[in-house]
There are 2 protein chains.
Amino acid sequence: MVGSRLERQMNFIFELERLKVVYRQNGILGESRHENSAEHSWHIAVMAFVLREYCGEPVDIERVLKMLLIHDVVEIHAGDTFLYDQEKRDAVKEAEAEAAEKIFGMLPDDQKGDFLAAWREFEAGETAEARYAAVLDNLQPMLNHCFTDNLSIAGKGLTRSRVMEKKKFIGDFSGELWEYALKVLDESVKKGQYREG
Amino acid sequence: MVGSRLERQMNFIFELERLKVVYRQNGILGESRHENSAEHSWHIAVMAFVLREYCGEPVDIERVLKMLLIHDVVEIHAGDTFLYDQEKRDAVKEAEAEAAEKIFGMLPDDQKGDFLAAWREFEAGETAEARYAAVLDNLQPMLNHCFTDNLSIAGKGLTRSRVMEKKKFIGDFSGELWEYALKVLDESVKKGQYREG
């Protein structure tokens with residue numbers, strides 16, 4: 001990669017366009033198209049501002065936002081992987097790490113290092129900031145399914161207990177958010193989006 | 001609006017889904033659909049991290065991000081207005097102010113006040129943070145037009161000088177970003193997206 005510092009930055013910014021055509025499993029309101037990872041990332045970033053009072057300890061919101069805004073850009077090369085397809089999620093780990101090197105490697109070295117560190121922190125899920133980010137990333141699809149009345153998720157054959165198993169870490173972070181998430185889950189089961197059991 | 005504090009916050013978060021179906025004038029890469037205001041907001045928020053070194057004075061990046069992430073949510077009620085349709089832009093001002101009261105009014109009062117203040121700061125465009133946010137908001141569509149090779153913008157009959165007139169405030173903020181923007185503009189004129197003149 002050659003070019004001036006600003007050219008490298010702008011090439012990275014151009015490249016981000018590609019996340020707008022990485023589509024997720026869930027739909028959007030009143031439309032047949034699926035949600036893409038760019039608008040999903042926007043949604044959880046706004047949520048970070050709205051729900052910060054539910055963090056049990058102080059979090060660096062700038063750090064949270066950086067993680068949320070870039071956590072999915074590896075999908076430009078590695079694609080989106082369904083949360084419940086654990087086999088594929090394990091298999092794609094290496095491809096995602098390579099994708100992170102490639103896409104953040106478009107930037108000048110200092111910024112590459114900075115974004116890579118944020119991406120790895122999110123993936124490791126150990127800091128309070130990474131845990132809050134993971135909570136938001138997992139809460140938003142539950143809200144989306146319920147609110148958009150989208151029945152495409154029903155075709156995945158998910159049960160209430162399977163969703164609870166995947167999402168219960170939300171409760172370790174915030175009892176209030178988990179209690180709310182369970183109400184949303186009940187509503188989604190009633191709507192036929194997930195099966196009882 | 002009744003309900004507990006968390007219910008109000010979640011109702012606002014649900015409502016944000018609607019920004020994903022507010023479509024802008026420009027397209028996205030390789031697709032026939034237009035860009036929506038949610039993914040546009042995500043794009044400029046990442047840009048805020050990447051280009052912060054071009055701010056001539058220190059900026060509070062958390063403030064910039066808050067403005068960028070919520071500056072367009074009034075469009076849920078007021079719709080997107082084409083940058084070059086000044087008559088419509090003037091006419092829609094009042095509707096946008098009402099929309100801001102309505103949508104941020106879904107939140108608890110303290111958060112309503114906080115988001116309204118950020119939205120008004122962005123609209124006023126006076127602080128360094130608001131000016132940086134406006135630069136990003138105006139730079140991204142120029143990059144998008146050029147990079148996506150989308151010719152739908154050509155139908156708007158825009159000329160190089162009209163675009164320059166609207167965007168030249170970028171140069172007051174950063175000579176380097178403006179110099180780059182002018183190169184992108186040249187390329188877009190070559191591609192037939194804007195007319196010479």
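The legends below describe close-up views of a predicted model.

**View 1. Helix α6 of chain A and its surroundings.**
Helix α6(A) covers residues 109-124, 16 residues in total, and its first and last C-alpha atoms lie 22 Å apart, close to the 22 Å expected at 1.5 Å a residue. Its buried residues are A:Q111, A:F115, A:L116, A:A118, A:W119, A:E121 and A:F122. Within chain A, these buried residues pack against α1 (5-15), α3 (61-70), α5 (86-104) and α7 (128-148). They also pack against α2 (37-50) of chain B. The residue that follows the helix, A:G125, has a positive phi, near 65°.

**View 2. The crossing of α5 and α6 in chain A.**
The axes of α5(A) and α6(A) come within 9 Å and cross at roughly 155°. Because of this angle, α5(A) counts as roughly antiparallel to α6(A). The crossing is right-handed. On the α5(A) side the contact is made by A:K93, A:E96, A:A97, A:A100, A:E101 and A:F104. On the α6(A) side it is made by A:K112, A:F115, A:L116, A:W119, A:R120 and A:E123. An α-helix has 3.6 residues a turn, so residues three or four places apart point the same way.

**View 3. The crossing of α2 and α3 in chain A.**
Helix α2 of chain A spans residues 37-50, and its axis comes within 9 Å of the axis of α3(A), with a crossing angle of roughly 165°. The angle is over 145 degrees, so α2(A) is roughly antiparallel to α3(A). This crossing is right-handed. From α2(A), the contact involves A:S41, A:I44, A:A45, A:A48 and A:F49. From α3(A), it involves A:I61, A:V64, A:L65, A:L68 and A:L69.

**View 4. Helix α7 of chain A.**
With 21 residues, α7(A) reaches 30 Å from its first C-alpha to its last, close to the 30 Å expected at 1.5 Å a residue. The helix is mostly covered, with 19 of its 21 residues buried. A:D149 follows α7(A) and has a positive phi, near 55°.

**View 5. The crossing of α7 and α10 in chain A.**
The axes of α7(A) and α10(A) come within 9 Å and cross at roughly 30°. The angle is under 35 degrees, so α7(A) is roughly parallel to α10(A). The crossing is left-handed. α7(A) contributes A:V135, A:L139, A:M142, A:L143, A:H145 and A:C146 to the contact. α10(A) contributes A:L177, A:Y180, A:A181, A:V184, A:L185, A:E187 and A:S188. A:C146 counts as buried because its relative accessibility is 7%.

**View 6. A:Y180 and its contacts in both chains.**
A:Y180 lies in helix α10 of chain A, residues 175-190. At 10% relative accessibility, this tyrosine counts as buried. Leaving aside neighbours within four places in sequence, A:Y180 is in contact with A:L143 in chain A, and with B:L6, B:E7, B:M10 and B:F14 in chain B. A:L143 belongs to the α7(A) side of the contact between α7(A) and α10(A). Along the chain, A:Y180 and A:Q193 are 13 residues apart, and their C-alpha atoms are separated by 17 Å.

**View 7. B:E7 in helix α1 of chain B.**
B:E7 is placed in helix α1 of chain B, residues 5-15. Its relative accessibility is 30%, so B:E7 counts as partly exposed. Apart from neighbours within four places in sequence, B:E7 is in contact with A:Y180 and A:K183. B:E7 and B:P108 are 101 residues apart in sequence, while their C-alpha atoms are 9.6 Å apart in space.

A:G155 is in the loop between α7 and α8 (160-167) of chain A. The glycine is exposed, with a relative accessible area of 71%. The C-alpha atoms of A:G155 and A:L69 are separated by 29 Å, and the two residues are 86 places apart along the chain.

**View 8. Cysteines A:C146 and B:C55.**
A:C146, at 7% relative accessibility, is buried. B:C55 is buried as well, at 11% relative accessibility.

Methods. Residues are numbered from 1 along each chain as its sequence is written. Chains are lettered from A and ligands numbered from 1 in the order in which they are written. This is a predicted model: local features need pLDDT of at least 70, side-chain atom pairs count only at pLDDT 80 or more; totals for chains, interfaces and linings use all residues. Side-chain values use heavy atoms; hydrogens and water are left out. Buried means under 20% relative accessible area, exposed over 50%, partly exposed in between (1.4 Å probe, protein chains only). Helices (H or I, at least four residues) and strands (E, at least two) are DSSP runs, numbered from the N terminus. The expected span of a helix is 1.5 Å times one less than its number of residues. Contact means heavy atoms within 4.5 Å. Axes are lines fitted to C-alpha atoms, for helices over the stretch in contact, and angles run from 0 to 180 degrees between N-to-C directions. Angles under 35 degrees count as roughly parallel, over 145 as roughly antiparallel, 65 to 115 as roughly perpendicular and the rest as oblique. A crossing is left-handed if the near helix is turned anticlockwise from the far one by less than a right angle, and right-handed if clockwise.
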